[in-house]
Amino acid sequence: MEHPFAITLDVGSSLVNQTGSWRTSRPVYLDRLPPCNHACPAGENIQGWLFHAESGDYETAWRELSKDNPLPAVMGRVCYHPCETACNRGQLDAAVGINSVERFLGDEAIKRGWRFAPPETESGKRVLVVGAGPSGLSAAYHLRRMGHRVAIHDAGPAAGGMMRFGIPKYRLPREVLDAEVARILDLGVELRLNAKVDNILEAVKAGGFDAAFLAVGAHIAKRAYIPAGAAAKILDAVQVLRSMEGEEKPLLGRRVVVYGGGNTALDVARTAKRLGATEALIVYRRTRERMPAHDFEVEEALEEGVLMKWLSTIKRMDEGTITVEKMVLDASGFPQPTGEFETLEADSLVLALGQDVDLSLLEGVPGLEIANGVVKVGPNMMTGYAGIFAGGDMVPSERTVTVGVGHGKKAARHIDAWLRGAAYAPAERYELASFDKLNAWYYADAPKTIRPVLELARRTSTFEEVQHGLDETNALYEARRCLSCGNCFECDNCYGVCPDNAVIKLGAGERFRFNYDYCKGCGVCAQECPCGAIAMVPEEF
Ligand SMILES: Cc1cc2nc3c(=O)[nH]c(=O)nc-3n(C[C@H](O)[C@H](O)[C@H](O)COP(=O)(O)OP(=O)(O)OC[C@H]3O[C@@H](n4cnc5c(N)ncnc54)[C@H](O)[C@@H]3O)c2cc1C
Ligand code: SF4
Ligand code: SF4
Ligand code: SF4
């Protein structure tokens, strides 16, 4: 297949006029690890699925993608896409819109009703998954595809964890989540709702399970001591966002103050606006640069009219007012009080100060190591108790949906090996296809597609989705912007430029081979391979 955005040279031509007469090194074809794949916490073979998407074979692309991640339509909306931050194309013009192509494939799959292939064999083993958030769902999916019977027990009334009870609808429509959850359950995964597990060892024993994967998330809101008058209305962010899923919407009043600087604070403030608050103000003790929230979410909130008060802490709340103290950052960037106070109007105060993990189901389990309120796991995701694995927000790591999905996959592989009395050996890691390995001048300019967004007036009055998806033309264009870093995409350049006809073409999809009887080791092929798929290695004499 021809790559549309790379220049293909004519056979026999060469940009570098150089031939070797004495071979001190020889060219070898290799596969390098693309930086996007390396950066994806779910371990997706991004380059692999983009390759299929480039040719318009979306179902194969989706199947390749969902080998690692069963939630592409969700992830194409909520993932913070570290893959794009790492993408080599970012050093050329702008990163490939991996996240938007992922969403396009996920949406196509829902639209066209594509299903996962059922397991080929049954292992006869049973695994208990506690928690139907992204991590538990991912583990259940992978374990089921490996042929194990899986039961998920969740304390809540619906599956999804924080994808349903945290992330607002205007970022993740619930029909998208429902469709992707249903497809996992269709594999034969059993889901028990309103089924809180109070004691993990008893639950494993009672159900006759052979292993367990825990992914209970972090749902207990952190509190700050704020002296308050009797009529002061103080709520916590997870409680407010959770109640958005129920019949009764939270009563926040006209002037809502949100305390915190993370993404959750922004979600609450933006939700308050949509519920009709005339003023939604975020109070944060540091500066915008030091806010843990992602910059694009801060921008979106500001566009919607959310107000920010930096360098301030809340000292007290009374009926209709809060008192804030102005802060200054010291030399180490830590906020220090100034003794200057201000009174602001506020009908309600929502605390968005982070969440702790409820570890009560692990009480009495021997061998566990708990530090900073999270459970330690080994490189195989197993806790200190044999057969009990854990992942997602309840273990030490970054707290995102994608990390949770990655943990679920990794744990499933290790659980599968453990159930067979073996150890899972990860695949061999190739050298990274960093930007300096590419010959970037071969690629034509192709600016990134901008995703359409909902008009501002509707953004502040409805819960309609803010970011729109790409249409097929744009998705195809975006997939074709991929440089195929480190892996041959059969552009024929090496075949064309070799002055000694030492490159043998093996046919479509089969790539090439060197005929070392003819190769003089001039290195022209390596210099003219756009994507760095040829290396010159010293000859051994
Ligand atoms: C407001 C908000 C917005 C966010 N936005 C994003 C975003 O845009 N992108 C992103 O990547 N991440 C985001 N995150 C973070 C992300 O949602 C979490 O990191 C992720 O959901 C963690 O997945 P998990 O599977 O570990 O746990 P959770 O999603 O929290 O799921 C845990 C599940 O376990 C169940 N459970 C708990 N205790 C028990 C028990 N004892 N027995 C049975 N079931 C139990 C719960 O009911 C829940 O369904 C956001 C978080 C919040 C709070
Ligand atoms: S899950 Fe996130 S990091 Fe992985 S490919 Fe998708 S957008 Fe990129
Ligand atoms: S150009 Fe393609 S292969 Fe290279 S890092 Fe970006 S998405 Fe990955
Ligand atoms: S190895 Fe040859 S055919 Fe493959 S991308 Fe490089 S130059 Fe093109």
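Q: Which residues of α6 are buried?
A: In this predicted model, local features need pLDDT of at least 70, side-chain atom pairs count only at pLDDT 80 or more, and totals for chains, interfaces and linings use all residues. Residues are numbered from 1 along each chain as its sequence is written, chains are lettered from A and ligands numbered from 1 in the order written, and side-chain values use heavy atoms, leaving out hydrogens and water. Buried means under 20% relative accessible area with a 1.4 Å probe, protein chains only, and helices are DSSP runs of H or I, at least four residues, numbered from the N terminus. On that basis the buried ones are I98, N99, S100, V101, E102, R103, F104, L105, G106, E108 and A109.

Q: Why is α6 largely enclosed by the rest of the structure?
A: Helix α6 spans residues 98-112. It's largely enclosed because, of its 15 residues, the buried ones number eleven.

Q: Which helix gives the most to the shell around ligand 2?
A: That shell has 13 residues, with N99 and E102 among the closest; near means a heavy atom within 4 Å. The top contributor, with three residues, is α6.

Q: What is the strand order in the open sheet of five strands?
A: Strands are DSSP runs of E, at least two residues, and they pair if DSSP finds at least two bridges between them. Pairing here is parallel, and the order is β4-β3-β2-β5-β18.

Q: Which strands are the edge strands?
A: Look for strands that pair on one side only. Those are β4 (190-192) and β18 (388-390).

Definitions and conventions. The expected span of a helix is 1.5 Å times one less than its number of residues. Buried means under 20% relative accessible area, exposed over 50%, partly exposed in between (1.4 Å probe, protein chains only).
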